Amino acid sequence: MNRYQTNGPMEKNNKVLLGMSGGTDSSVAAMLLQDAGYEVTGITFRFYEKDFQTEYLEDARHLCEQLGIRHLTYDAREVFEEQIIHYFIQEYMNGRTPVPCTLCNNQLKWPLLKEIADREGIYHLATGHYVRKQTVNGRWFIRSGADPDKDQSFFLWGLPQDLLERALFPMGELTKVRVREIAAERGQLKAARKRDSLGVCFCPMDYRTFLKSHVPEGQISPGEFLDEEGRKLGQHEGYPFYTIGQRRGLGIWLNKTLFVKETLPEQNRVIVCDNLRALEKQEMLLTDWNLIDPETALNHPDVIVKIRYRKQANRCTVTCTGDGCLHVNLHEPLASVAPGQAAVFYRDDLVLGGGIIATSR
Ligand SMILES: Nc1ncnc2c1ncn2[C@@H]1O[C@H](COP(=O)(O)OP(=O)(O)OP(=O)(O)O)[C@@H](O)[C@H]1O
């Protein structure tokens, strides 16, 4: 899954390369890593800058100066645009639901951290993610963070062993409330008060507005809403604007609730239904998957799968298909499964792996 490969293992040392976004978590992470005796280097990736705003860079640089640590910047805007923003738009245009934060972490942010750490002779890699890590039978697993409201384990299922082994997660045992307190206690009031980042960094608003301003005119056009029997119910604004399970904003006025069941990009049609049960799926096929230890995940009846960051957890059995996909048999049906979304496997709070949903039925 990862593009950035380097040669051979690196000797352990007490140096750590910390991804610093200028936000509260990575700022406090820098302080805690320093307290723990590490020689910290901060790095800020320039992924995306709305209206050329670079205050986050200045904030990260300023904090490093105050802490007396080295700070690097790395311009990743072009690769971010190609790999993440382009993918995000393309997925919607293909009638799928993208997972840009998962992709960014697993294919860009963490591999870049490793690449630069290798170059700089730095063994450890760190971020301000609210996760923990643990070894089981000699393999490294991500565990949920101690703060259930901030747990970010859902996004890191794709990290390979060589990277996990070197990873440090200073936020893992802390709550966000405590992290803000630590920043304030150390006199870092700006860091203490920063707002939590909301949703996708380059698209914090409704994705439809983003698509409207980024997709060339004429590529998204109005089409038909059909019911399950193929009867025309009205006109939609273009299939990429609708996601499976959506019920708001359809603009169809019938005296019953309607849900998007399916989008058909080639025909620019959106199929709706009036029964939530019609959205339920019992099986999923995953591609681009990663399992930390296949033995612990495959063919066990006690695996939990999540396809949403919050408020959903279904029991399942995972098997490997002959053609290299993962088959997920859901023990209870699950509604609103969209191709393109990530499915993440857990046992208790241990992340066993995950993959991208190709199909479901
Ligand atoms: N532009 C960036 N450059 C370097 N590292 C980054 C950048 N953006 C995020 N990170 C790293 O990834 C972690 C998770 O980022 P994310 O944006 O998901 O979380 P966050 O809760 O907003 O974190 P923070 O409070 O540190 O901004 C950050 O704590 C940081 O270590």
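Predicted model: local features only at pLDDT ≥ 70, side-chain atom pairs only at ≥ 80, totals over all residues.
Which residues does glycine 128 touch, not counting residues up to four places away in sequence? The answer is Asp25, Ser26, Ala29 and Met171.

The protein contains 9 helices and 17 strands. Its C-alpha atoms fill a box of roughly 65 × 50 × 40 Å along the principal axes. A compact globule of 361 residues would have a radius of gyration near 21 Å, and the 22 Å of the protein agrees with that. Of the 361 residues, 38% are buried. Among contacts with a separation of 6 or more, 64% are between residues 24 or more positions apart.

Leaving out residues up to four places away in sequence, alanine 30 touches Leu18, Met20, Val40, Gly42, Leu63, Leu67 and Ile69.

Next comes a sheet. Strands of a sheet pair through backbone hydrogen bonds, either parallel or antiparallel. Here an open sheet of 5 strands runs in the order E3-E2-E1-E4-E7, with parallel pairing. Strand E3 (70–75) and strand E7 (167–168) are the edge strands, each pairing on one side only. Strand E4, residues 124–126, pairs with E7 in the parallel sense over 2 bridges, and leucine 125 stands opposite alanine 167 in E7. Helix H2, residues 55–67, packs on the sheet, where it touches strand E2 (39–46) and E3. The direction of helix H2 makes about 160° with that of E3.

Several loop residues carry an annotation. An unreviewed UniProt entry gives a "binding site" that covers Gly19, Met20, Ser21, Gly22, Gly23, Thr24, Asp25, Ser26, Phe45 and Gly128. Glycine 23 lies in the loop between strand E1 (15–19) and helix H1 (24–35). With 18 other C-beta atoms within 10 Å, glycine 23 is partly exposed, because a residue needs 20 or more to count as buried. Leaving aside neighbours within four places in sequence, glycine 23 is in contact with Lys194 and Ser197. Glycine 128 lies in the loop between E4 and strand E5 (131–136). Glycine 128 has 22 C-beta neighbours inside 10 Å and therefore counts as buried.

The last part of the chain has its own annotation. UniProt, in an unreviewed entry, places the feature "domain: tRNA-specific 2-thiouridylase MnmA-like C-terminal" at residues 282–357. This span is 5% helix and 58% strand, and its end C-alpha atoms lie 13 Å apart. Strand E12, residues 281–291, has antiparallel partners. E12 pairs with strand E15, residues 326–334, in the antiparallel sense over 5 bridges, and leucine 286 has leucine 326 in E15 as its bridge partner. E12 also pairs with strand E17, residues 350–360, in the antiparallel sense, over 6 bridges. In that pairing leucine 291 stands opposite glycine 353 in E17.

Note on methods. Residues numbered from 1 in each chain as written. Helix = DSSP H or I, 4+ residues; strand = E, 2+ residues; numbered from the N terminus. Rg over C-alpha atoms; globule rule 2.2 N^0.38 Å. Buried ≥ 20, exposed ≤ 12 C-beta atoms within 10 Å, placed from the backbone. Contact = placed C-beta atoms within 7 Å. UniProt positions renumbered as here; feature names shortened; annotations may be inferred. Pairing = 2+ DSSP bridges. Axes fitted to C-alpha atoms, helices over the stretch in contact; angles between N-to-C directions.
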